Amino acid sequence: MTPYHLHALAAAWSLQAARGRLAQLARTESTRHTTELLAAATVLRSPTYGTRHSSGDHGDPTGVTLLTAEPRVTTWADLLGRLDHRLAWLAGQVGGDLGWTPLTCILVAIPAMSPGTARIVAQHLADEDAWVRAAVRLAPATTPLPGVACPHCGERQLVVQTAGPTEVWTVVCATGRPCTGQGCGCEMPGAVEGAAHIWPRTAVLGAVAGAAPGPTH
């Protein structure tokens with residue numbers, strides 16, 4: 001599997017976690033809005049408001065407006081709908097079971113993609129993940145890997161991308177420097193010149209423990 005595939009999978013798992021947070025906020029806001037409408041309806045059904053309105057007095061125009069206005073779509077729901085629309089489009093481009101969620105379709109399709117397609121999909125997913133996390137104020141799903149030097153640059157700035165199941169976690173260098181191809185020193189069989197370095201987490205930990213000659217793809 002090429003670095004482009006690993007980047008695409010990491011971005012998809014990260015976006016799944018970010019979408020989960022966005023969906024939670026949308027549900028919470030929807031519940032709060034429903035509660036507010038029910039409370040307003042209770043007030044309007046009270047004897048005081050009912051008598052004043054039926055007797056021809058001015059009543060409470062604010063309350064009447066609350067009951068007759070179109071249902072409000074919450075801000076979080078708007079953002080969630082925007083995200084799901086984009087993911088549905090992307091899933092349609094890569095194919096998949098119509099009974100699956102868009103992100104599931106994308107995750108299943110990534111391993112079989114050509115490197116070029118995986119690169120494009122990875123960028124789409126990373127862009128979506130970035131704006132969702134910024135909107136919901138969710139930090140990147142990463143944690144430092146202390147005591148381990150990058151096989152490429154030698155700097156101790158490796159970061160574990162922790163979204164998704166443990167077995168799919170990956171490791172990247174915080175410098176983001178791309179592979180330079182032959183003679184790079186990154187110890188990555190199948191590495192792609194120009195692609196940002198990325199390793200499966202198990203390969204990196206195995207290399208550190210002496211169980212493997214070095215990080216591999």
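Biologist: In this predicted model, which residue forms a salt bridge with arginine 177?

Modeller: The closest N and O atoms of the pair are 3.1 Å apart, and a salt bridge requires a separation within 4 Å. Arginine 177 lies in the loop between strand 3 and strand 4, and its partner lies in the loop between strand 1 (142–144) and strand 2, 22 residues apart. The partner is glutamate 155.

Biologist: Is glutamate 155 buried, partly exposed or exposed?

Modeller: Buried means under 20% relative accessible area and exposed means over 50%. Glutamate 155 has 28% relative accessibility, so this residue counts as partly exposed.

Biologist: Which residue forms a salt bridge with arginine 86?

Modeller: The closest N and O atoms of this pair are 2.9 Å apart. Arginine 86 lies in helix 4 and its partner in helix 6, so the pair ties together parts that are 42 residues apart in sequence.

Biologist: How far apart are the end C-alpha atoms of helix 6?

Modeller: Helix 6 covers residues 115–136, a run of 22 residues. At 1.5 Å a residue, helix 6 should span 32 Å, and the distance in the model agrees with this. The end C-alpha atoms are separated by 31 Å.

Biologist: Which residue takes a positive phi just after helix 6?

Modeller: Helix 6 comprises residues 115–136, and its buried residues include Trp131, Val132, Arg133 and Val136. Just beyond the helix, a positive phi of about 55° is taken by arginine 137.

Biologist: Which residue forms a salt bridge with aspartate 84?

Modeller: The structure holds four salt bridges. In the one formed by aspartate 84, the closest N and O atoms are 2.8 Å apart. Aspartate 84 lies in helix 4 (residues 75–94) and its partner in helix 1 (residues 3–44), so the contact ties together parts that are 65 residues apart in sequence. The partner is arginine 19.

Biologist: Are the two faces of strand 3 covered or uncovered?

Modeller: In a regular strand the side chains alternate between the two faces of the sheet. In strand 3 (residues 170–173), Thr170 and Val172 are buried on one side, and Val171 and Cys173 are buried on the other. Both faces are therefore covered.

Biologist: Which residue of strand 4 is the bridge partner of valine 172?

Modeller: Strand 3 runs antiparallel to strand 2 (residues 158–161), with four bridges joining them. Strand 3 is also antiparallel to strand 4 (residues 198–200), through three bridges. In strand 4, the bridge partner of valine 172 is isoleucine 198.

Technical notes. Residues are numbered from 1 along each chain as its sequence is written. This is a predicted model: local features need pLDDT of at least 70, side-chain atom pairs count only at pLDDT 80 or more; totals for chains, interfaces and linings use all residues. Side-chain values use heavy atoms; hydrogens and water are left out. Buried means under 20% relative accessible area, exposed over 50%, partly exposed in between (1.4 Å probe, protein chains only). Two strands pair if DSSP finds at least two bridges between them. The expected span of a helix is 1.5 Å times one less than its number of residues. A salt bridge is a side-chain nitrogen of Lys or Arg within 4 Å of a carboxyl oxygen of Asp or Glu.
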